[in-house]
Amino acid sequence: MAKPVTITDVQTILTQPAGSRLIVVKILTSEPGLYGLGCATFTQRFHAVYTAIQKHLRPFLIGRDVDRIEELFQLAIVNSYWRNGPVLNNAISGMDMALWDIKGKRAGMPVYQLLGGKCREAAALYSHADGRTPEEVADNVRRLREQGYRYVRIQIGGYGGEAERLDRPEGAQPGAYYDPRDYVRRALKMIEYVRTTLGEEIELLHDIHERLRPIDAVGFARDVEPYKLFFLEDALAPEDNEWFRHIRQVCTTPIAMGELFNNPGEWLPLIEGRLIDFLRMHISQMGGITPARNVAAMANMYGIRTAWHGPGDVSPVGHAANLHLDVWAPNFGIQEWCRFNDLVYEMFPGTPEVRDGYMYPNDLPGLGIDIDEKLAAQYPCEDEIITWTQTRSPDGGPMRP
Ligand code: MG
């Protein structure tokens with residue numbers, strides 16, 4: 001038997017070429033020049049992920065056979081005994097994606113071939129349109145449509161909206177304030193305006209971002225039904241999963257859920273109960289390509305499609321992983337896309353190309369993406385106390401972000 005190719009080093013690259021702090025794992029091997037890249041981006045807690053990789057995962061992996069992805073994933077997920085948290089899952093994702101990248105390079109095939117081959121040539125994308133008024137949102141949708149996007153997520157004034165007035169009590173503490181009831185009224189008016197102004201052909205999406213009380217989210221899903229959303233995202237927080245059945249009972253608005261999920265215990269009941277229509281996990285948050293492939297295959301049997309999380313706090317390596325899953329999965333639904341700047345394309349050669357609302361994979365072996373480490377080093381991650389997640393209701397009480 002041929003001597004196995006083994007892991008000789010695990011490096012963690014931190015960089016911030018745009019707004020988000022990105023974490024990329026590089027696995028080096030005993031074969032000269034052969035390495036793999038994986039995304040481990042958890043932008044709000046990047047130091048914790050860095051330490052988990054370098055101090056815990058690296059010693060665990062050195063000397064292991066690079067070909068045994070499944071075994072290493074299964075071992076890594078329980079090696080800490082306590083498991084299923086965002087820090088460790090992201091670290092494991094960095095390992096998992098890098099090993100798929102290496103396997104593809106060894107086979108001389110793109111990762112989508114290893115998964116079973118293409119079901120489609122490209123992934124249909126949705127992009128984001130925002131605005132302070134319904135008219136501004138509609139203008140921004142038009143602009144995206146001119147660029148070729150057929151699916152657009154529409155928000156008014158960001159997550160939770162921008163309340164016309166906020167009556168805070170005296171001595172109100174600093175924070176990211178919003179008024180959930182005001183948001184419902186303004187968001188529904190905006191969606192109605194965009195739909196009636198732009199017509200039936202454009203596909204519209206909306207993200208509640210878990211900012212409503214569960215009963216208000218059920219009402220929102222029902223009231224938005226006439227405007228035929230492609231999907232309604234994060235209507236509820238993962239902690240309120242039990243409420244999804246109430247949404248199903250009152251409307252047929254398609255439901256997308258999952259960017260905050262870490263744990264199979266969170267997605268299994270929603271799939272089995274046919275309570276959602278799109279899975280939108282953050283692939284690195286759930287542990288990488290291996291668990292995503294398994295969940296996609298399971299969801300396919302339940303008539304549920306994929307819509308993997310694809311914002312700026314997924315590295316281009318993570319977007320490449322999304323894309324390989326997208327072109328393979330028989331039950332692919334849609335892919336979120338954040339429109340990276342030119343610097344990101346320069347730093348990550350092979351960042352997926354987008355034309356007319358579709359994202360195309362290249363045919364390079366593995367994930368088909370690389371990183372210019374010298375350039376990445378010029379954009380170090382900056383420390384910052386995150387303020388947008390310090391969310392408060394009008395009376396100052398803490399709310400979910
Ligand atoms: Mg979202």
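Biologist: How many cavities of 30 Å³ or more does the structure hold?

Modeller: One. A cavity is a set of points on a 1 Å grid over the protein atoms alone, where a 1.4 Å probe fits but cannot get out. A pocket is an open set with protein on both sides within 12 Å along at least five of seven lines. Lining residues have an atom within 4 Å of a point. Grid points are joined across faces, edges and corners, and a volume is the space filled by probe spheres set on the points. This is a predicted model, where local features need pLDDT of at least 70, side-chain atom pairs count only at pLDDT 80 or more, and totals for chains, interfaces and linings use all residues. Residues are numbered from 1 along each chain as its sequence is written, and side-chain values use heavy atoms, with hydrogens and water left out.

Biologist: Which residues line the largest cavity?

Modeller: The lining consists of Cys39, Met97, His282, Ile283, Ser284, His309, Val314, Gly318 and Asn322. Elements here are DSSP runs numbered from the N terminus: helices (H or I, at least four residues) and strands (E, at least two). For residue classes, Ala, Val, Leu, Ile, Met, Phe, Trp, Tyr, Cys and Pro count as nonpolar, Asp, Glu, Lys and Arg as charged, and the others, Gly among them, as polar. This lining has four nonpolar, five polar and no charged residues.

Biologist: What span should helix α12 have?

Modeller: The expected span is 1.5 Å times one less than the number of residues. Helix α12 (residues 316-328) has 13 residues, so it should span 18 Å; its end C-alpha atoms are 18 Å apart, which agrees. Helix α3 (residues 86-107) has 22 residues and reaches 31 Å, close to the 32 Å expected.

Biologist: How many residues of α12 are buried?

Modeller: Buried means under 20% relative accessible area, exposed over 50%, and partly exposed in between (1.4 Å probe, protein chains only). In α12, 13 of its 13 residues are buried. Proline 316 lies 9.5 Å from methionine 347, C-alpha to C-alpha, though they are 31 residues apart in sequence. Methionine 347 belongs to helix α13 (residues 342-347). At 0% relative accessibility, methionine 347 is buried.

Biologist: How much space lies in the largest pocket?

Modeller: About 1,100 Å³. Its lining has 38 residues, and the closest to the centre are Thr43, Gln44, Asp313, Trp388 and Thr389. By class, that lining has ten nonpolar, 15 polar and 13 charged residues. The second largest pocket holds about 250 Å³. It is lined by 14 residues, with Phe73, Pro264, Trp267, Pro291 and Asn294 nearest its centre. Helices α2 (69-79), α9 (264-272) and α11 (289-301) each give two or more residues. The largest share, four residues, comes from α11. Here the classes are nine nonpolar, five polar and no charged.

Biologist: How many aromatic pairs are there?

Modeller: Rings of Phe, Tyr and Trp (its six-membered ring) pair if their centres lie within 6.5 Å; planes under 30 degrees apart count as stacked, over 60 as edge-to-face and the rest as tilted. The count comes to eight aromatic pairs. Take phenylalanine 230 and phenylalanine 231: centres 6.0 Å apart, planes at 40°, so the pair is tilted. Phenylalanine 230 also forms a tilted pair with phenylalanine 278, at 5.2 Å and 45°. That pair links distant parts of the chain: phenylalanine 230 sits in the loop between α7 (214-223) and β8 (231-233), and phenylalanine 278 in strand β10 (residues 278-279), 48 residues apart. Phenylalanine 230 is buried at 11% relative accessible area, and phenylalanine 278 is buried at 1%. Ring pairs link Tyr126, Tyr151, Phe230, Phe231 and Phe278 into a cluster.

Biologist: Which ring lies under the charged end of lysine 26?

Modeller: A charge sits over a ring if NZ of Lys or CZ of Arg is within 6 Å of the ring centre and within 35 degrees of the ring normal. Lysine 26 sits over the ring of tyrosine 35, 4.2 Å from its centre. Arginine 64 lies over the face of phenylalanine 60, at 4.4 Å.

Biologist: Where does arginine 339, with its positive phi, lie?

Modeller: Most residues other than glycine have a negative phi. Arginine 339 has phi near 55°. It lies in the loop between β12 (335-336) and α13, and is partly exposed at 39%. Aspartate 356 has a positive phi of about 50°. Its loop runs between β13 (353-355) and β14 (358-360). At 53% relative accessibility, aspartate 356 is exposed.
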